[in-house]
Amino acid sequence: MQIKTILNRIQKFKSFVYGAVRLIETGDAPAIEAELRARSNSQALCSGCDRPRPGYDTLAVRRFEFVPLWGMKVFFVYAPRRVDCPACGVRVERMPWADGKHHLTQTYAWFLAAWAKRLCWKEVAEAFRTSWDSVFRSVEMAVDWGRAHQDLSGIRAIGVDEIAWQRGHRYLTLVYQIDAHCKRLLWVGEKRTVKTLLRFFHWLGRERSQVLEFICSDMWKPYLKVIAKKAGQAIHVLDRFHIMAHLNKAIDKVRAEEATALKAKGYEPILTKTRWLLLKRPENLSEQQDLKLADLLRYNLKAVRAYLLKEDFQLFWTYTSPYWAGQFLDQWCTQTLRSKIEPMKKVARMLKKHRSLLLNWFRAKGQFSSGVVEGFNTKAKLTTRKAYGFRTYHGAEIALYHTLGALPVPESAHRFC
Ligand SMILES: [Zn+2]
């Protein structure tokens, strides 16, 4: 059987035929070259307007990389024609296997993009003996296509989240769809300012913004402001995950300060290696950690009291009536404000200030998938931290859309992997 026969079976182009197929020796390994030529009498299509146009000239032969076979690189070899288009001027013809100046065939680019969902980009480049840059361009192409073809109808619930990246205080704002029937990353923006979130609503469009029913977010002021302005009709819920994160941060601060103070006074280092004991939910602790926590709780430490306040607060989420949840919240805040533990008092003041938004949690209960923001947050952090090799915001953005966007792919993209 000839390779040409296989190519005609798996990758046929309407106005082009395969010519000679050669095995060529390159530096380290052989490669396969398959010639392509235009079917005789077929007229070239202008790449500007997709219309058949009279020929102008023929360019030098170019190589387009196709899906590798048995560890060998495969190239299509073709001399593109140029057309003289009355509408677009002199243009190179449309080639159905490639996109513009890209040297990868579209099939190969979709192939690499699909693998880049399973492996990190560097691994994909190594596995298929291509460059990191080719993998990046392929993913970028897949993301562009997917974002242009995604269905944005029926979005009722969204979650707004921020993640720090590149160490230090640089943030990304992420917006997820958190409807029960569809959960995905919708949008990524640089920073976490009023402008950032305004850009999201601009992208979503006025009509779609005004049918939103639930929005989950952190107590971050710029977000609160923009959400009230752009989607005032939606029930705005302060997300459980973000609130518990604030409490954990406070505990962490109390614990670190107290540990330093104890050490300075020459006491036993009872607080060292207790960080996760205090931050994890008790049901997630191992038996050994359980014992250690029980031991720690005997001490009258600020960190212990902060921990108990946090665990007490978990009760808040179990209420069904907003009224009784409100009563509980007031009581908890009063108690915490008397605790003389400044980081915890700060959280209590913040919760008090946003009382009504907090109680929206109970008004919206069961209307959207509430754990979703936390799950996405974890995955997003992992994606930006993983060794994707990008240093730019654009690289991070593309990686996030690719892994979390649930973007559509054309049917033909599944054929090779
Ligand atoms: Zn044209």
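Q: How many residues of α2 are buried?
A: In this predicted model, 7 of its 10 residues are buried, so α2 is mostly covered. Buried means under 20% relative accessible area, exposed over 50%, and partly exposed in between (1.4 Å probe, protein chains only). Helices (H or I, at least four residues) and strands (E, at least two) are DSSP runs, numbered from the N terminus.

Q: Which residues of α2 are the buried ones?
A: Thr107, Tyr108, Ala109, Trp110, Phe111, Leu112 and Ala113.

Q: What should I know about the numbers before I go on?
A: Local features need pLDDT of at least 70, side-chain atom pairs count only at pLDDT 80 or more, and totals for chains, interfaces and linings use all residues. Residues are numbered from 1 along each chain as its sequence is written, and side-chain values use heavy atoms, with hydrogens and water left out.

Q: Switching to charges. How many salt bridges does the structure hold?
A: The structure holds 20. A salt bridge is a side-chain nitrogen of Lys or Arg within 4 Å of a carboxyl oxygen of Asp or Glu.

Q: What does glutamate 35 pair with?
A: Glutamate 35 meets arginine 22, at 3.1 Å from N to O. The two sit 13 residues apart: glutamate 35 in strand β2 (residues 30–38), arginine 22 in strand β1 (residues 16–25).

Q: What about arginine 94, which partner does it have?
A: Aspartate 50, with the closest N and O atoms 2.7 Å apart. Arginine 94 lies in the loop between β7 (89–92) and α2 (106–115), and aspartate 50 in the loop between β2 and β3 (55–58), so the bridge ties together parts 44 residues apart in sequence. Both ends are partly exposed: arginine 94 at 31%, aspartate 50 at 43%.

Q: Where does glutamate 65 come in?
A: Glutamate 65 bridges to lysine 73, at 3.7 Å from N to O. Glutamate 65 counts as buried because its relative accessibility is 4%. Lysine 73 is partly exposed, at 28%.

Q: Which residues do shared partners join into one network?
A: Arg22, Glu33, Glu35 and Arg63.

Q: New topic, the open sheet. What is the strand order?
A: The 5 strands run β10-β9-β8-β11-β12, with mixed pairing. Two strands pair if DSSP finds at least two bridges between them.

Q: Which strands stand at the edges?
A: β10 (182–190) and β12 (235–238). Each has a single partner strand, so one side of each lacks a neighbour in the sheet. Neighbouring strands are turned by 25° against each other on average, direction ignored.

Q: How do β8 and β11 run?
A: Parallel, with 3 bridges joining β8 (residues 157–165) to β11 (residues 214–217). Alanine 157 has phenylalanine 214 as its bridge partner in β11.

Q: Which helix lies across β8, β9 and β10?
A: α15 (residues 372–385), running at about 140° to β9 (170–179). Axes are lines fitted to C-alpha atoms, for helices over the stretch in contact, and angles run from 0 to 180 degrees between N-to-C directions.

Key: Contact means heavy atoms within 4.5 Å.
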